[in-house]
Amino acid sequence: RRVPVGERVALGPRARFALRLTATGFVFGSEDDARRAGTIPGTRLANAVAPLGVTAQRYESVRPAPRTPLGATAHTRFLVCPYDPSGRVRAANVLRVLALLVPRHPDLQLVMLGPGTEDGDLRMHAAALRITKHVTFLGPRDDALSIYALADLGWVVANGDNGAFGALDLMGSRVPVIAERGTPAQLYVPDGIAGLLLPPGGAHEAAAAIARLLAHEEQRSAMGAAGRTKVARDHSETAMVEAFERAAALASDRAQW
């Protein structure tokens, strides 16, 4: 069984019964996740690790999405936020940060995409902060990479694999990544090199950090290049596939034994 990045193993009655039926092991997305899980009662196969990865070359052929449908001009700067419902609390903080930024950065536009962004609560929160015209909610998108290609900054709030792939895709797109410490994105984003890792919930601190990045294009460009290099070097899709193959081969050998 595979456990999403950053999540813990949950063994309910059905899962415990399944462990009794067949030899079972767990595949984790990182060494930290596997170490934290330790020995799982009832498993007969060793834990395996298959870090998520992407094909870095795919980002080179991606064209940015048209700006006009997003209500943008040539001067608009985009903060793109990969979202899923697990990141609702963090998304609320993103909206508060945006409300602090737009008085001095009226050209800043937040784009939230992913499952759950159609939620009316997010729109109501944006309306209460009077930033509705600065926020676009796109929902799940097949062309997410073209949205990332528009971004000046990315802020990952999703948990699990959605958060992990959000960070990797932004880095592969040469976009500096912002995330809170303790989230799956922390596994991929070197703080101060490919982006910024912020304390949870600190809206004023986050706004100040983002304002500094918006003011320094060269720093954003250097962070984007560092992220792209790290994805190509450390998070390849080939390595992920090979890790899954090793885990499957080990499980097959143990099952036959």
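**Briefing on a predicted protein chain**

In the protein chain, confidence (pLDDT, the predictor's score for each residue from 0 to 100) is lowest in helix α9 (residues 237-256), at a mean of 80, and highest in strand β6 (residues 153-156), at 97. The model is predicted, so local features need pLDDT of at least 70 and side-chain atom pairs count only at pLDDT 80 or more, whereas totals for chains, interfaces and linings use all residues. Residues are numbered from 1 along each chain as its sequence is written, and side-chain values use heavy atoms, with hydrogens and water left out.

**Confidence**
- The protein chain has a mean pLDDT of 91, with 98% of its residues at 70 or more.

**Helix packing**
- Helix α3 (residues 88-101) packs against helix α7 (residues 203-214) at an angle of about 60 degrees, and their axes are 9 Å apart.
- α3 and α7 are therefore oblique to each other, given that angles under 35 degrees count as roughly parallel, over 145 as roughly antiparallel, 65 to 115 as roughly perpendicular and the rest as oblique.

**Charge over a ring**
- The charged end of Arg-58 sits over the ring of Tyr-59, 5.9 Å from its centre, where the criterion is NZ of Lys or CZ of Arg within 6 Å of the ring centre and within 35 degrees of the ring normal.

Technical notes:
Helices (H or I, at least four residues) and strands (E, at least two) are DSSP runs, numbered from the N terminus. Axes are lines fitted to C-alpha atoms, for helices over the stretch in contact, and angles run from 0 to 180 degrees between N-to-C directions.
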